[in-house]
Amino acid sequence: MSGFRRTGVGITVMLDPVETVVLAQVMNEMGELIGPPPAATEGEAWARELGLAGLGQPGASPTPPNDPISARLFPDAYVDDAAAADDFRRFTEADLRATKSANVTALLDSLPEGGGSFSLDEDASAAWLGALNDARLALGTALDVDENTYDELATLEVEEPRSQRLRVYLWLGELQDSLLQVLTGD
């Protein structure tokens, strides 16, 4: 990876074929984890037009997810008020899930098969940033990343599955950081 940079045609990055395959695999797994956004019925479309998004949407659950990865991606908004958290989840989860799913789709759609240099516009860059962030949150939760993880990585053999997963996690962080620096002008 050469890192993201701003050019005359947008935000450009170069990914080699292996990076492209790994990123596609991670994002396909994220797409499965997030799930497709629920289809809106006619009444739900009307509610959205009135600014009442989330009312009665299928898939909008009033209870938090049971698994730690989904709970990290779809956290409670109010940790000290279960009723408020349930209401917030009921009104927002479907839209949040749809946004996360759209980010993954946008990233996958812009990823060149076989690697290479390619450019993103501002919308695609924002989608990439969101998808990379969600992938790091999910992978970091699955790997139980903490302040000792970097020290642990130094003791692992490269061939060990945990070492490989941690290296993917770190690489996703490098991608995210590089893109964020370009977007913020740093």
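Student: What should I know about the model and its numbering before I start?

Tutor: Residues are numbered from 1 along each chain as its sequence is written, and side-chain values use heavy atoms, with hydrogens and water left out. The model is predicted, so local features need pLDDT of at least 70 and side-chain atom pairs count only at pLDDT 80 or more, while totals for chains, interfaces and linings use all residues.

Student: How many helices and strands does the chain have?

Tutor: Helices (H or I, at least four residues) and strands (E, at least two) are DSSP runs, numbered from the N terminus. Here there are seven helices and three strands. Along the sequence they follow the pattern β-β-α-α-α-α-β-α-α-α.

Student: What percentage of the residues count as buried?

Tutor: Buried means under 20% relative accessible area, exposed over 50%, and partly exposed in between (1.4 Å probe, protein chains only). Of the 186 residues of the chain, 36% count as buried.

Student: Which description do I use for a pair of aromatic rings?

Tutor: You give the distance of the centres and the angle of the planes. Rings of Phe, Tyr and Trp (its six-membered ring) pair if their centres lie within 6.5 Å; planes under 30 degrees apart count as stacked, over 60 as edge-to-face and the rest as tilted. By this rule the count is three aromatic pairs. One of them joins Phe-4 and Trp-128, edge-to-face, at 5.8 Å centre to centre with 80 degrees between the planes. This pair links distant parts of the chain, 124 residues apart: Phe-4 is in the segment before strand 1 (5–7) and Trp-128 is in helix 5 (residues 122–142).

Student: Why do Phe-4 and Trp-128 count as buried?

Tutor: Phe-4 counts as buried because its relative accessibility is 6%, and Trp-128 is buried because its relative accessible area is 0%. Tyr-78 and Phe-88 also form an edge-to-face pair, 6.0 Å centre to centre, with 90 degrees between the planes. Tyr-78 is in the loop between helix 3 (68–73) and helix 4 (82–110), and Phe-88 is in helix 4, ten residues apart. With a relative accessible area of 41%, Tyr-78 is partly exposed; Phe-88, at 38%, is partly exposed too.

Student: Which residues form an aromatic cluster?

Tutor: Phe-4, Phe-118 and Trp-128 form one. You can look at Ser-110 next, which is found in helix 4. Contact means heavy atoms within 4.5 Å. Not counting residues up to four places away in sequence, Ser-110 touches Phe-118, Leu-120 and Trp-128. Ser-110 is partly exposed, with a relative accessible area of 21%.

Student: Which charged ends sit over the ring of Phe-74?

Tutor: A charge sits over a ring if NZ of Lys or CZ of Arg is within 6 Å of the ring centre and within 35 degrees of the ring normal. The charged end of Arg-97 sits over the ring of Phe-74, 4.2 Å from its centre. The charged end of Lys-100 sits over the ring of Phe-74 as well, 5.8 Å from its centre.

Student: What describes two packed helices?

Tutor: They are described by the angle between their axes and the distance between the axes. Axes are lines fitted to C-alpha atoms, for helices over the stretch in contact, and angles run from 0 to 180 degrees between N-to-C directions. Angles under 35 degrees count as roughly parallel, over 145 as roughly antiparallel, 65 to 115 as roughly perpendicular and the rest as oblique. The axes of helix 5 and helix 7 (residues 161–184) come within 9 Å and cross at roughly 150 degrees, so these helices are roughly antiparallel to each other. Their contact includes Trp-128 and Leu-132 of helix 5 and Leu-172 and Leu-175 of helix 7.

Student: At what angle do helix 1 and helix 7 pack?

Tutor: Helix 1 (residues 17–34) and helix 7 pack at about 100 degrees, with their axes 12 Å apart, and they are therefore roughly perpendicular to each other. Glu-19, Val-22, Leu-23 and Val-26 in helix 1 meet Val-168, Trp-171, Leu-172 and Leu-175 in helix 7.

Student: Where does Asp-144 lie?

Tutor: Asp-144 lies in the loop between helix 5 and helix 6 (149–155). Its phi is near 55 degrees, a positive value in a residue other than glycine. Asp-144 is exposed, with a relative accessible area of 57%.
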